Amino acid sequence: MNERYSRQELFAPIGEEGQKKIRQKHVLIIGAGALGTGSAEALVRAGVGKVTIVDRDYVEWSNLQRQQLYSEADAKERLPKAVAAKRRLQEVNSDVEIDAIVGDVTAQELEELITTRTPDLLMDATDNFDTRMLINDAAYKYRIPWIYGACVGSYGISYAFIPGKTPCFHCLLDTVPTGGLTCDTAGIISPAVQMVVSYQVTEALKILVEDWAALRNKLVSFDLWKNQHTAIRIDSVKKEDCPTCGSKPSYPFLSYEQQTKTAVLCGRNSVQIRPAVKRNYDLQELADLFAKQGLAVHVNPYLVSVSLGNERLVIFSDGRALIHGTKDIQEAKSIYYRYLG
Ligand SMILES: [Zn+2]
């Protein structure tokens, strides 16, 4: 017999029955940065049946300090994070089905992911507020639990949102300080990541084995450097007229108007541009075209990266691009249209 999960099965609240349940479940992880790689590795080692992981970015050297699935080779190749994560996760546990998606999570894409792949649980591993609002709306609309996690510096915060039971992220906004969790803040230490991952994955395991009574039901936050730790009940912040979890929900963040086509990326001095209509580039052809113009080009099967002096333009085959070296959306757009028409 395979001893792989024996220690987890010896843990009474999981047991052999719990292990079977874990095996039948599908977790959608949104983001493959620090929190996403941590959650993904833990869940894959725990033997979850299927993991879908989606991310729009590629591996860079500055990720290696805390994004545990990635290696120097991934950074050198500028592999998309979802691709590099899948490769490593499959080495860790070949029994788990891993679905890696390189792309942006918009309202349309998230709803498509949920309705076609029917995950049992959503893990928040994003670095931005807009995507969390999207996850929150989608989770409540399709009644799937989602586990919030965020960290910056030595600070972290987490909560398990359960549609029909707990208030939602929208309800929290006026009450709970989410300051310090925005893009402007730069640094982070890896133990803060690991702590949030621990909180997220523990609640995830409880949900996967359906041990609802064991859920923490508290918003937990900590600052490891300042030796602070708090856990508060937030049931009372639930709003009857909340547009996401109230009696007449409209799920505002899933509506088309809320979708942004351009976005300044968190703490990255970078802008992302998505063309209104998806393109279908032959990346090698595109790379050759840039090379002919005398530009320094790097190409792999997923993206083309072009150096433009102070800026760098990275293009994916569907036309989505990251422009590094600027936070100015207009400037980024003019670069995009100058080189891609
Ligand atoms: Zn709400």
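**Notebook: zinc site, sheet and helices**

I began with the metal: the site of the zinc ion is tetrahedral, with angles of 95 to 125° among its four donor atoms. I note here that the model is predicted. I looked up the donors next and found Cys168, Cys171, Cys242 and Cys245, each coordinating the zinc ion through SG, at 2.2 to 2.3 Å. Along the sequence I read the spacing of these donor residues as C-x2-C-x70-C-x2-C. I checked burial for two of them: Cys168 and Cys171 are both buried.

**Sheet**

I traced an open sheet of eight strands and wrote down the order β3-β2-β1-β4-β5-β6-β7-β8; the pairing is mixed. I marked β3 (97-102) and β8 (228-233) as the edges; each has a single partner strand, so one side of each lacks a neighbour in the sheet. From one strand to the next I have an average twist of 15°.

Strand β7 (residues 218-223) runs antiparallel to β8, and six bridges join the two. For Val220 I found Ala231 as the bridge partner in β8.

I also looked at β4 and β5, which pair in the parallel sense over two bridges. Met123 has Ile147 of β5 as its bridge partner.

Is β5 covered on one face or both? I found both covered: Trp146, Tyr148, Ala150 and Val152 are buried on one side, and Ile147, Gly149 and Cys151 are buried on the other. The count for β5 is seven buried residues of seven.

I followed helix α5 (residues 81-92) across β2 (50-55) and β3; the helix runs at about 165° to β3. Helix α7 (residues 129-141) also packs on the sheet, and I listed its contacts as β1 (26-30), β4 (121-124), β5 (146-152) and β6 (155-161). The direction of α7 makes about 165° with that of β5.

**Helix α9**

I checked the length of helix α9 (residues 190-208). Its 19 residues, at 1.5 Å a residue, should span 27 Å, and I have its end C-alpha atoms 26 Å apart, which agrees. I listed buried residues in α9, among them Ala192, Val193, Val196, Val197 and Val201. Gln200, Glu203 and Lys206 of α9 are also on the buried list. Just after α9 I noted Glu210, which takes a positive phi of about 60°.

Technical notes:
Residues are numbered from 1 along each chain as its sequence is written. This is a predicted model: local features need pLDDT of at least 70, side-chain atom pairs count only at pLDDT 80 or more; totals for chains, interfaces and linings use all residues. Side-chain values use heavy atoms; hydrogens and water are left out. Donors are N, O and S atoms within 2.8 Å of the metal (3.2 Å for Na, K and Ca); water is not among the atoms, so sites may look incomplete. Four donors count as tetrahedral if all angles lie between 85 and 135 degrees; four count as square planar and six as octahedral if opposite donors are over 155 degrees apart and all others between 65 and 115; anything else is irregular. Buried means under 20% relative accessible area, exposed over 50%, partly exposed in between (1.4 Å probe, protein chains only). Two strands pair if DSSP finds at least two bridges between them. Helices (H or I, at least four residues) and strands (E, at least two) are DSSP runs, numbered from the N terminus. Axes are lines fitted to C-alpha atoms, for helices over the stretch in contact, and angles run from 0 to 180 degrees between N-to-C directions. Contact means heavy atoms within 4.5 Å. The expected span of a helix is 1.5 Å times one less than its number of residues.
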